[in-house]
Amino acid sequence: MATLNSKLPEGSIERQWDTHRFNLKLVNAANKRKYTIIVVGTGLAGASAAASLADLGYNVISLCYHESPRRAHSIAAQGGINAPKNYANDGDSIWRLFYDTVKGGDYRARESNVYRLAQVSGNIIDQCVAQGVPFAREYGGLLDNRSFGGAQVSRTFYSRGQTGQQLLLGAYSAQIRQMAAGTIKFYPRREMLDLVMIDGQARGIVARNLINGELERYVGHAVVLATGGYANTFYLSTMAKASNATAIWRAYRRGAFFGNPCFTQIHPTCIPQSGDYQSKLTLMSESLRNDGRIWVPKKKGDPRKPQDIPEEERDYYLERLYPSFGNLVPRDVASRRAKEMCDKGYGVGSTKLAVYLDFGDALNRNGREWIDEKYGNLFDMYHEITAEDPYAAPMRIYPAVHYTMGGLWVDYNLMSTLPGLYVIGEANFSDHGANRLGASALMQGLADGYFILPYTIGDYLATSKFKPVKTDASEFVAVDRETRGQIDRLLSIQGKTPADDFHRQLGKVMWDHVGMGRNRAGLQKALKMIPEIRKQFWNDVKVVGGSNDLNSELERAGRVVDFLELGELLATDALHRNESCGGHFREEYQTEEGEARRDDKNFCYVAAWEFKGEGKKPKLHKEALKFDYVKPSQRSYK
Amino acid sequence: MNFTLQVWRQKSRNDRGRFIRYQVRDISPDASFLEMLDVVNADLVRKGEEPIAFDHDCREGICGSCGLVISGRAHGPNQKAATCELRMRSFSNNDEITVEPWRAKPFPVIKDLVVDRTALDRIMQAGGFVSVKTGGAADANAVAIPKAVAEEAMDAASCIGCGACVAACKNGSAMLFVAAKVSQLALLPQGHPERKERVLRMIAQMDAEGFGACSNTYACEAECPKQISVEHIARLNREFLRAKVT
C-alpha cells in the first residue's frame with residue numbers, strides 16, 4: 001500500500017535544496033550507462049529531462065505520439081518565462097518570486113517546492129541562451145524583460161509571442177544532439193497505453209505504434225511521465241487536439257495517487273466559440289486587458305451593434321465591481337465574472353456566450369499606430385479567425401480552459417507514490433497550488449527537466465535493487481493482454497456514435513457543472529451524468545477501421561475512455577473541497593462581495609486520490625500544507 | 001457553404017492512391033479547413049467508412065504538424081498561414097477543392113494525407129544544435145548580442161518545420177528549412193564554435209535524404225507560413241562556401 005511521504009527537507013528554506021542534493025546518493029559515472037530511463041513525452045519537461053539524463057550518461061528511451069519531438073504542445077506558449085535575475089534592477093529576488101508564486105497559488109502549494117523552483121529558474125535562462133535561444137534584447141545587447149500578471153516586477157524573458165516555441169526548440173536541440181550520439185533512442189508516433197509494475201517498481205510501459213498498430217514493450221529501471229495536463233477533459237480548451245491524459249490516468253489506475261484534480265485554470269481572453277463544428281479554442285495574450293475595456297449591454301439580449309450602443313447603456317462590470325483593479329483583476333476573477341454576465345443573459349454575439357473587449361477609448365486616446373505596435377499581431381489573429389475588424393468594432397472574448405494545476409501526486413523528488421515512476425511538468429500536481437501565474441508553466445517544465453529530476457532520480461537508482469527484466473516477463477505479457485483487450489473491445493462495439501460525440505457531451509457537462517463556477521447540486525448532477533455518458537459510450541461507440549494501421553478514430557476512442565473516468569474524479573475532488581481557492585470556485589463559499597473564500601482550517605492540504613478499483617470510490621489521502629514563511633491572507637482586488 | 005472535395009486517399013505507403021470525391025454541405029464560413037475535414041470525417045464514420053487521415057495538433061499555426069496541398073498550394077491560398085489557420089471563407093461557395101499530401105521523395109506517404117517528415121529531424125541531428133551540456137552555462141547576460149542580430153536570428157528561428165518549403169519547391173529542396181537553422185546559429189555567437197561542421201554536415205544529410213537542389217524560384221518563401229526570407233538561403237550558401245574554402 002502506497003503511503004504519502006512528501007520527503008520535504010528540514011532546515012531553513014534557503015538551504016533545503018542544497019542540503020537535500022548533498023544527501024542524495026550518487027550513481028558512479030561509469031555505472032550510469034547500466035541504467036535505462038524511459039521518458040514519455042517530449043515537451044519542455046520531457047525533452048529537457050531526456051537530454052539532461054543522457055548528458056549524465058544514462059541510456060534514455062524517449063517516446064511521443066508526434067512524428068517529431070519538436071511538435072509537443074509546449075510550443076504554443078506565447079508570453080514568456082519567469083526568472084528573478086533582477087536585470088531590471090527593480091527589486092526582484094528569489095524570495096520575491098517564491099512569495100508571488102505561493103500567494104498567486106492561493107496558498108495551496110508546498111513552500112519547499114516553490115522555493116526550489118524560484119532558486120533554479122535563473123539557471124534556465126542561462127542554459128537556454130547557451131543553446132542559442134533568441135530571447136528579446138535591448139539596444140545595448142542585453143536581455144529584455146517584461147511584466148506579467150501577478151507580479152510587480154519585470155522578470156519575464158520572452159521571444160516575441162513565441163517563447164514556448166523557442167524554449168522547446170532549445171530543449172529539442174539538446175535532445176537531438178543526444179539522439180545523434182545514440183544515448184537517446186527516440187521512438188516517434190508511439191502512444192503510451194499502460195505502465196508495467198514489476199515487484200513494486202515501475203519497470204516499463206506498453207505503447208502503441210501509431211503507424212502499424214503494434215503494441216510495443218519498453219523496459220527500463222525507471223519511468224518518467226512528461227505527458228502534459230488534462231485540460232482536454234473539457235473537450236474545448238486551448239490544448240492541442242491530441243493532448244490527452246491516458247499516460248497519467250493509466251498510472252493512476254496502477255496505483256499512483258492523483259493530486260488536486262479539481263485545480264484547473266481558465267483563461268479570460270480567448271476567442272469565443274462560434275459553432276458546434278469547433279474543435280478547439282484560441283487564446284490571446286492577457287496583455288490585451290491593459291488597454292481594452294470589458295463590457296456588456298445593460299439590456300438583456302440587446303440586438304444593436306456594439307458601436308450603436310451608447311455609453312450610458314453599457315455595463316463595464318469589472319470596473320464597476322473592482323474600482324481599483326478594474327479590467328486587470330486576476331484571471332480567475334475576470335473569467336468567473338464573464339460567465340456570470342452571460343449566464344444572466346447579458347452575453348453578446350450569435351451564441352450569447354461572449355463579452356466585449358473594447359479598444360475604442362485607447363484608439364481615441366493613443367491612435368491606431370500605437371495600438372498596432374503593441375497589439376498588432378493579436379489584432380491580426382482575431383481578424384483572421386473571426387473575420388471581424390477589431391479596429392472597427394470591439395472584440396468578443398470568452399474564457400477557456402487552458403492549464404491544469406492538478407496532476408499525479410509527487411514527492412519532493414518528483415517521484416509518484418509508485419517507486420520508480422517520476423512525473424514532471426504539467427503532468428504532476430505541480431508547484432502552482434490552486435492557480436498558476438503567467439509565465440510560470442515554462443519555468444516549471446524546464447526546472448523539473450534540466451535541474452531537478454536529473455539529481456533526484458540518481459538517488460533512487462543508487463539505492464534500489466533491480467532484478468533483471470526482459471520484455472517477455474509475465475507482468476509485461478499481462479499488461480499487453482489487457483491493453484489489447486481494450487482495443488478489441490472498442491473495435492467490437494460497432495455502435496452508431498463517433499467517440500468525438502461522447503467527448504463533446506462530457507465536455508459540456510464538465511464546462512457547465514465543473515467549470516468556472518461550481519456548486520454542490522451541479523457537481524452532484526455531473527457525477528450522475530458522467531457515468532451515464534460512459535455507459536452509453538461502451539454501448540454505442542463506433543470505431544471504424546482496424547487495429548493494424550494508422551487509425552485516428554481508435555486513438556481518439558482510447559483517449560475518450562480515460563477522459564470519461566478522469567472527469568468523474570475531477571468532479572469528485574471539486575465536490576469534496578468545500579471552499580473556494582484560486583481556480584476552484586465553489587459558489588457556496590464566497591464572501592459577500594462574491595469573492596473566493598478559502599477555508600484554511602479545514603482544507604489547507606493537498607488532496608491525493610487513490611484508485612480503489614473499477615466502480616469503487618477512490619480513497620482520499622491528505623498531505624497537510626504548512627506555511628512557515630508566507631502568511632496566508634485573503635486576496636482582495638477592490 | 002457547400003464544397004466539392006477531391007481528396008487523395010492512399011491506404012498505406014505501398015498503395016497506389018487515388019482521388020476520391022466528397023460533397024460537403026452546410027459548412028460555416030468561420031470553420032477552419034481542418035474543422036471542415038472533421039465534419040467530413042464524422043459523416044464517414046457514421047456511414048462506417050474510414051475517415052481521411054491527416055496530421056494536425058495545436059491548430060493554431062505553431063506546432064507544424066498540419067500540411068496539405070490545397071488546390072495546388074502548400075497550406076492553401078492564404079499567405080502567412082498554416083493549413084489549420086485557413087478559414088473556409090477564403091473559398092467561394094460551391095468551389096471544387098483538391099486536397100493532397102506534401103509531394104516530395106523524402107516525405108513518403110504513410111496514409112492518405114499523412115506523410116513521414118522524419119528526414120527533417122535527421123538533418124537537425126546532423127548539426128542543428130549547439131553542443132552544450134545541461135549546467136555550467138555562463139550568466140545569460142555575459143555576452144551582449146546586438147538587438148538587430150538577435151531579431152534576425154529570431155526571424156530564422158521562427159521556422160515551424162512543417163515542410164511547406166519542400167512541398168512548394170519544384171526540386172523538392174529543403175534549403176529554406178536548413179538555412180533557417182544554419183542562419184540562426186551563424187548569427188548568434190553561441191553557434192560560432194561549430195559553424196563550419198554544422199553547415200557541412202547538415203547539407204550532406206540533406207543530400208543523403210534525397211532532397212533536391214535550390215534553383216532560386218523563391219516558391220519556398222512564398223508558401224512559408226512564417227514568411228522566412230530566402231536571404232537566409234544566401235547566408236547558408238556563404239556559410240557553406242566559407243566552410244569549404246577556409
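**Domains, chains and a sheet**

Modeller: Taken over C-alpha atoms, the centres of domain 1 of chain A and domain 2 of chain A are 30 Å apart, with domain bounds coming from an automatic or database domain assignment. This is a predicted model, in which local features need pLDDT of at least 70 and side-chain atom pairs count only at pLDDT 80 or more, while totals for chains, interfaces and linings use all residues. Residues are numbered from 1 along each chain as its sequence is written, and chains are lettered from A and ligands numbered from 1 in the order in which they are written.

Colleague: Which residues does the domain assignment of chain A give to each domain?
Modeller: Domain 1 covers 267-400 and domain 2 covers 474-611.

Colleague: And how many residues of domain 1 of chain A are in contact with domain 2 of chain A?
Modeller: Five residues of domain 1 of chain A are in contact with five of domain 2 of chain A, where contact is defined as C-beta atoms, placed from the backbone, lying within 7 Å. On the domain 1 side, helix 8 (residues 331-343) of chain A provides the largest share, four residues; helices (H or I, at least four residues) and strands (E, at least two) are DSSP runs, numbered from the N terminus.

Colleague: What does helix 8 of chain A pack on?
Modeller: First the sheet itself: six strands of chain A form an open, antiparallel sheet in the order 13-12-17-16-14-15, and two strands pair if DSSP finds at least two bridges between them. Strand 13 (282-283) and strand 15 (314-315) of chain A are at the edges with a single partner strand each, so one side of each has no neighbour in the sheet. Helix 8 of chain A packs on this sheet, touching strand 12, strand 14 (293-297), strand 16 (355-358) and strand 17 (395-404) of chain A, and its direction makes about 65° with that of strand 12 of chain A. Axes here are lines fitted to C-alpha atoms, for helices over the stretch in contact, and angles run from 0 to 180 degrees between N-to-C directions.

Colleague: How is strand 12 of chain A joined to strand 13 of chain A?
Modeller: Two bridges join strand 12 (residues 264-271) to strand 13 of chain A, and the two run antiparallel; I271(A) has T282(A), in strand 13 of chain A, as its bridge partner.

Colleague: Changing topic, how many residues of chain A are in contact with chain B?
Modeller: 64 residues of chain A are in contact with 61 residues of chain B. Helix 5 of chain A gives the most to the chain A side, with nine residues.

How values were computed. Contact = placed C-beta atoms within 7 Å.
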